[in-house]
Each structure stands twice: as structure tokens, then as C-alpha cells.
Amino acid sequence: MNFQGSRRRGEDGVAMVIDFLLSNARLVLGVGGAAMLGIATLAVKRLIERAGRAADDEKVEQKMAESWEELSLVSASPTMIRKGIEGVVMKHVAKATKQQKADLCQQPQMSSLEVQPKTESKSKRLQLSVLSLQERLQQYYNTRAALAPHEVQRAQSLALDICTEIQGFLHSRHPDMPLGEMSLGGSLLDDLQVVSADHACLLVPLQLEASLWRLIPGEETLLTHPLHWMVRRVNLEYFPRGRSYWDRYLVGNYLSAEAVVNMFSKSIMETVNWPSISSTLDCLVRPVLGGPDLRLEIRPGNENVGAESSDQSLFITMLPLLREEDVVLTAQPELTSPWVNAWHLSLYPWETQRLAQLDTADDGCRVHLLKILKAVCRLNPALRPLEAAPLANLILHLSDSEGNWSERCLDVRFQQCITELIGYLEQGALHSYFKPAVNLLSGLSEDQVDQMGFMLYCAVSEPEILFI
């Protein structure tokens with residue numbers, strides 16, 4: 001945390017203490033201890049600001065007493081802090097604040113010309129402090145999380161145009177390939193995208209013969225991973241290889257997701273005449289090669305959009321998938337590597353449907369809250385590693401224990417989500433709502449967990465740091 005310095009004497013001592021403690025805290029204490037120092041720092045900062053605004057010794061004593069009460073967050077926190085380090089913190093803070101008080105008593109009253117620049121520099125922060133948390137959440141949702149309808153329509157229109165072009169190409173070049181109707185999917189279609197409409201998902205359903213293929217749950221495979229399913233070729237004694245179009249992508253009697261992705265990469269990404277399509281759609285369309293996924297970049301022409309959005313690219317990911325009742329398996333080697341035969345069980349449809357059902361039943365704000373949390377994590381560098389899946393499951397778990405999800409409780413639920421997320425980070429595990437064996441935080445590094453834990457602990461006492 002970087003706090004703006006002041007020209008008042010004595011504050012340098014506080015700044016030196018804060019800088020030293022925060023720069024070394026995580027090396028000694030880890031997530032919990034560093035976070036507690038962050039909370040203490042915020043409380044001391046408030047103490048200095050309040051004391052600076054006081055005009056006499058009596059008001060100084062009163063304001064300092066109020067601020068020291070806020071330091072109770074340190075001792076009230078469930079996280080354990082080494083007593084020796086805690087004593088050092090309190091000792092240095094007390095010494096620095098005593099010096100601050102003495103300097104304030106000797107300091108002459110500042111002129112109005114000196115006060116004005118400082119007031120202007122803190123105008124944004126004062127505006128935030130005037131609003132309640134509920135009002136700030138609504139303001140943040142309207143300005144950051146929610147997308148303008150015309151922006152969503154533009155992205156959907158471009159994605160549908162690309163969908164039509166690709167499907168027409170496959171029908172003409174590979175007429176025997178059994179594919180279902182391509183369609184859009186993901187957050188752009190479900191109104192769950194935040195900040196900007198910059199990515200879309202093109203679903204490419206593969207059609208399998210029910211008598212020739214069997215989808216095997218991950219727990220029943222040799223991988224024993226609940227999200228890593230396999231697709232086995234069956235009845236080979238009656239229907240030998242070659243009966244199904246997809247037999248050519250078998251690896252050891254299993255349909256290989258990696259082989260399917262490689263086929264689409266060669267037949268679409270490397271074969272389609274993208275300059276011709278770009279000319280037809282009046283925009284620049286080019287494949288993003290070198291990655292594990294099938295991705296296209298679409299950059300609209302300047303004449304079709306305003307100058308402020310002319311540089312905004314739209315990325316479309318093609319996603320081959322298999323459907324069987326409510327099970328959706330996707331070919332995503334980046335998620336199932338190094339297993340070339342494994343297909344990924346997508347829990348996104350279940351999570352999205354469940355959230356919508358709960359909100360419909362009680363007119364709740366779960367989806368509203370999810371979009372705010374997604375925007376906060378996307379715009380905050382420390383929280384950026386948190387993806388949508390952990391946040392959605394966080395709200396689903398909280399829904400089991402909390403019954404009131406009306407809009408007037410949005411601020412309470414937001415604070416609960418922050419507190420719950422801190423607990424999950426301390427445990428190092430947030431289990432999937434539908435697949436408890438899956439830890440949705442397993443992909444985070446120790447350093448990422450430290451940074452997220454520190455930021456969230458500071459947000460407990462000063463939530464506005466998440467909205468800047």
C-alpha cells in the first residue's frame with residue numbers, strides 16, 4: 001500500500017515505520033501477519049488525518065482515541081500474529097504518533113492557499129468517503145461492471161458473422177464432418193461479461209453415434225480427476241474402425257481432444273482465407289497462432305465505430321465440445337495437459353443456471369454481485385488471478401447459509417464475500433460447489449495468494465481501495 005505523504009513534521013517518522021514494516025512483513029509473517037500490518041497501517045493513517053484536522057489538544061486526544069479503537073481489528077482478527085512482531089508494531093506506532101501530536105501542537109495554522117491544493121488532491125477520496133458502501137457498489141456496477149447495450153450488440157454481431165463464415169467454410173470443405181449447429185456461448189451471451197465486451201466463445205458441437213461412443217466420468221478413468229473425462233470407442237467387434245468419422249482421431253481406443261483441436265487448427269486457422277473474410281466483414285480478422293486454443297482476433301474498421309473504441313479488439317475462441325444430456329465436455333488441452341485423450345468437464349453451465357434459478361426464486365442480487373466481484377478482480381492487479389469460477393462458487397456456497405439476497409443487502413453480501421474469500425485463501429482451498437473434490441484455488445502460486453490475502457485484509461477496513 002502506498003499512501004500519499006504529507007509535509008507536516010513528524011509524519012516522516014510514521015512513513016519510515018510503515019515502509020519498513022510493510023516491505024518486510026510478508027517475508028516474516030506470511031499472508032495473515034502482513035495483512036494485519038496493512039490494517040494497522042490504515043488505522044494509523046486515519047489517526048494522522050484526523051489529528052491533522054484537529055485545532056487544539058482536546059480534539060487531538062479525542063480523534064486519536066477514535067482511531068486507536070480501529071486498531072482493535074488487529075487483535076480481533078482470526079489470523080494469528082507473532083506476539084513479538086505485534087509488540088514491535090505497537091511500540092513504533094505509539095512512538096510515531098506521540099511525536100506527531102507534539103509537532104501538531106507546535107505547528108502554526110496553515111493558510112487557505114496551502115489547504116486548497118491538498119483539498120484538490122484528495123477530492124476523489126473525499127467523494128468516495130461521502131458515499132455509503134451500498135451507493136459505491138451501485139456506482140461501481142454502473143460505471144465499471146455493466147456493459148453498454150450497444151457494445152454488447154456490436155460484439156455479438158461480429159461473433160455471429162464469424163460463426164456464419166466458419167460454418168459455411170466447413171460445410172463446403174468438409175461436408176462429411178458431423179457437426180451440430182454452431183452458436184455463441186459464454187459470458188457475452190449470458191450477460192456476465194464485465195468492463196468491456198472483448199471476448200466471445202464460439203461453440204462447435206461434435207456429433208457422435210450413441211452406439212459407438214461412451215463418455216466416461218473422470219472418477220472412473222485412470223486419471224481419477226473429476227474434471228478429466230474420457231470418450232471411449234465401443235463395439236469395435238461389431239463396428240470396426242472407420243464406421244465413425246471421428247475414428248481417425250482415436251488414440252488408444254479413446255477420442256483424443258488434442259487431436260481434434262489440432263485438426264480444427266489446420267483446417268480452419270491455417271486454411272481459411274482470412275483476408276477475404278476481413279474484406280467481406282469490413283474488419284481485420286486474423287488467427288492467433290502459437291497458443292493451445294483456437295482463437296481469432298477481430299479488429300473493427302474505423303468507419304464502423306467511434307474513434308474511442310476503434311482500437312478495441314474482440315477475441316473469439318472456438319470451443320469443440322460434446323454434449324450428453326446435462327454433461328458438456330470441451331476440448332481444452334491447456335486444462336487437461338499432459339493427457340492427450342482427456343476432455344474437460346465444464347461446470348460453467350451448471351453454475352450459471354444455478355445462480356439464475358436462485359435469483360429468480362427470491363429476486364436476489366447474486367448475479368449482480370458476481371459481476372461486481374469480477375470487475376474488481378479484473379481491474380485490481382493483485383486480485384487479477386482470481387477467475388470467474390471461484391467467485392461464482394463463492395456466492396453459491398454463501399447462498400446455502402444466507403437467505404436474504406435482496407438488493408438492499410448487496411453491501412452486506414459483498415463484505416461477507418470478502419471475509420469468506422480471505423478464509424478460503426488462508427486454507428488454500430475453495431471447493432467446487434458441484435464437484436467438492438476440485439479445489440478452485442489450486443492453480444494459484446504462493447506469492448499470488450500472499451498478494452490477494454494482503455489486499456483483501458486491507459479491504460475489510462477500507463473497502464474503497466477495491467473501487468479505485
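Pro338 sits in the loop that runs between α11 (333–336) and β9 (343–345). Helices (H or I, at least four residues) and strands (E, at least two) are DSSP runs, numbered from the N terminus. This is a predicted model, in which local features need pLDDT of at least 70, side-chain atom pairs count only at pLDDT 80 or more, and totals for chains, interfaces and linings use all residues. Residues are numbered from 1 along each chain as its sequence is written, and side-chain values use heavy atoms, with hydrogens and water left out.

**Overall figures**

- The protein has 16 helices and 9 strands.
- Of its 468 residues, 49% count as buried. Buried means under 20% relative accessible area, exposed over 50%, and partly exposed in between (1.4 Å probe, protein chains only).
- The accessible surface of the protein is about 23,900 Å², and carbon and sulfur atoms hold 52% of that. Areas come from the Shrake-Rupley method with a 1.4 Å probe; for residues, only the protein chains shown count as cover.
- Among contacts in the protein with a separation of 6 or more, 65% join residues 24 or more positions apart. Contact means heavy atoms within 4.5 Å.

**Backbone details in loops**

- The peptide bond between Ser337 and Pro338 is cis, with omega about 10°.
- Val195 is not a glycine, yet its phi is positive, near 70°. Val195 lies in the loop between β1 (183–185) and β2 (199–205). Its relative accessible area is 28%, so Val195 is partly exposed.
- Glu325 also has a positive phi, about 60°, without being a glycine. The loop between β7 (314–324) and β8 (327–330) holds Glu325. With a relative accessible area of 80%, Glu325 is exposed.

- Buried residues of α8 include Val152, Ala155, Leu158, Ala159, Ile162, Cys163, Ile166 and Leu170.
- An α-helix has 3.6 residues a turn, so residues three or four places apart point the same way.
- The largest nonpolar core has 59 residues. A nonpolar core is a set of buried Ala, Val, Leu, Ile, Met, Phe, Trp, Tyr and Cys residues joined through side-chain atoms within 4.5 Å. Ile166, Trp246, Phe264 and Trp343 have the most contacts inside the largest core.
- Helix α8 supplies the largest share of this core, 9 residues.
- Beyond its neighbours within four places in sequence, Ile166 is in contact with Met182, Leu202, Ile268, Trp274, Leu296 and Met318.
- Another core, of 49 residues, lies apart from the largest one. Its members include Leu355, Ile395, Leu398 and Leu430.

**Salt bridges**

- The count is 12 salt bridges. The rule is a side-chain nitrogen of Lys or Arg within 4 Å of a carboxyl oxygen of Asp or Glu.
- Arg366 and Asp362 form one, at 2.8 Å from N to O. Arg366 is buried at 3% relative accessibility, whereas Asp362 is partly exposed at 31%.
- Arg299 pairs with Glu297, with the closest N and O atoms 3.3 Å apart. Arg299 is partly exposed at 25%, and Glu297 is buried at 10%.
- A network of salt bridges links Arg286, Glu297 and Arg299.
- Glu220 and Arg214 make another salt bridge, their closest N and O atoms being 3.4 Å apart. Glu220 is exposed at 52%; Arg214 is partly exposed at 39%.

**Aromatic pairs**

- The structure holds 7 aromatic pairs. Rings of Phe, Tyr and Trp (its six-membered ring) pair if their centres lie within 6.5 Å; planes under 30 degrees apart count as stacked, over 60 as edge-to-face and the rest as tilted.
- Tyr245 and Tyr249 are a tilted pair, because their planes stand at 55°, with ring centres 6.5 Å apart. Both of these tyrosines, Tyr245 and Tyr249, are buried.
- Tyr433 and Phe434 are edge-to-face, with centres 5.2 Å apart and planes at 80°. Phe434 is partly exposed, at 29% relative accessible area.
- Tyr140, Phe414 and Phe467 are linked into a cluster by ring pairs.
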